[in-house]
Amino acid sequence: MTGTPQVRSDASSRATLDKASDENFPVAPFFLPRAWRDDLMAVYGYARLVDDIGDGDLAPGGADARHLGVDPARAEDRLAVLDAFEADLRRVFEPAGPGPGHPLLRALAPTVRRRSLTPEPFLGLIAANRQDQRVRRYETYDDLLAYCELSANPVGRLVLGITGTASPERVRRSDAVCTALQIVEHLQDVAEDLGRDRVYLPAEDMKRFHVTEADLAAPTGNASVRALIAHEAERARELLNEGTPLVGSVHGRLRLLLAGFVAGGRAALASIAAAGHDVLPGPPKPTKPRLLREVGAVLRRAHREG
């Protein structure tokens, strides 16, 4: 976890950063250089916070809204908080200004300067969460991919930026991995998302497999639901395969980190398959042994191709 005093002393920010342990992939594992770990956690804190704003999952007490200067009466207005968050983000990129008010954005500022990061990936994540307030269903797979371009792909681009390894080809491969990870997360969270009145399964695919939203609200998935989930899981697998050469294109500890990202997706897909593609009782989560086996498989493939 980042060691900046203002983050350590702020309970809501600590709660945000602590969610890193729940992700499908390693966020800032111990084997990375300390500077990379700090910068990755700073970016994770940003990404997690903007998602929590969009999902209405901020820590109780309203501390995040206060840090952003949002009137307490509007603290539940997600679009208002996102607007304030964007204004605070822009202060990160204005070194002559007063500086951001939120501890997690203050922690992000040194990373942005040190790694010469640009605003675009950060703004993309805000745009995705604004879209979540307005768009609850996706008609086509292409519509979903366009959403993932905002909600997921910026994270991989930031990792490449932090590690100084960005290139057009690596960005393309990274985008495939990140979109795959987003789709996998959507598959794990079908029931939870429906509870938020969101469906990330393309409507055209639901029609093709004769799946209704009432089917998704059931305690367990019927044969049609499971066939639909298997179809979307295969799409995610293809994207992971497309992105996997990214791992072999880098070296050292970065290779291990990126292998962890890809392996996290593969292990999650394996857990979905092991559940018979029935994701409705709850998110199928991979075991640690499964994750480690997948890391080994990804690294062996990278070694053969490298």
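Serine 167 is partly exposed, with a relative accessible area of 24%. This is a predicted model. Its structure holds 7 aromatic pairs.

**Two serines**

- Serine 167 sits in the loop that runs between helix 9 (153-163) and helix 10 (168-188).
- The C-alpha atom of serine 167 is separated by 9.7 Å from that of arginine 157, and the two residues are 10 residues apart along the chain.
- Serine 271 belongs to helix 16 (residues 252-274).
- Serine 271 has 11% relative accessibility; the cut-off for buried is under 20%, so serine 271 counts as buried.
- Leaving aside residues up to four places away in sequence, serine 271 touches Pro284, Lys285 and Pro286.

**Helix 3**

- Helix 3 (residues 34-55) has 22 residues, which should span 32 Å at 1.5 Å a residue. The end C-alpha atoms of helix 3 are 31 Å apart, which agrees.

**Helix 7 against helix 8**

- The axes of helix 7 (residues 119-134) and helix 8 (residues 141-151) cross at roughly 135° and come within 7 Å.
- That angle makes helix 7 oblique to helix 8.
- Helix 7 contributes Gly124, Leu125, Ala127, Ala128, Gln131 and Asp132 to the contact, and helix 8 contributes Tyr147, Leu150 and Ser151.
- By type, the residues of this contact divide into 5 nonpolar, 3 polar and 1 charged.

**Aromatic pairs**

- Tyrosine 46 and phenylalanine 122 have ring centres 5.0 Å apart and ring planes at 85°, so the pair is edge-to-face.
- This pair links distant parts of the chain, with tyrosine 46 in helix 3 and phenylalanine 122 in helix 7, 76 residues apart.
- Both tyrosine 46 and phenylalanine 122 are buried.
- Tyrosine 147 and tyrosine 200 have ring centres 5.5 Å apart and planes at 25°, so this pair is stacked.
- Tyrosine 147 lies in helix 8, while tyrosine 200 is in the loop between helix 11 (190-195) and helix 12 (203-208), so the pair ties together parts 53 residues apart in sequence.
- Tyrosine 147 and tyrosine 200 are both buried.
- Ring pairs also link Tyr46, Phe85, Phe93 and Phe122 into a cluster.

Conventions: Residues numbered from 1 in each chain as written. Predicted model: local features only at pLDDT ≥ 70, side-chain atom pairs only at ≥ 80, totals over all residues. Heavy atoms only, no water. Helix = DSSP H or I, 4+ residues; strand = E, 2+ residues; numbered from the N terminus. Buried < 20%, exposed > 50% of the residue type's maximum accessible area, 1.4 Å probe, protein only. Contact = heavy atoms within 4.5 Å. Axes fitted to C-alpha atoms, helices over the stretch in contact; angles between N-to-C directions. Parallel < 35°, antiparallel > 145°, perpendicular 65-115°, else oblique. Nonpolar A, V, L, I, M, F, W, Y, C, P; charged D, E, K, R; others polar. Expected span 1.5 Å × (residues − 1). Phe/Tyr/Trp six-rings, centres within 6.5 Å; stacked < 30°, edge-to-face > 60°.
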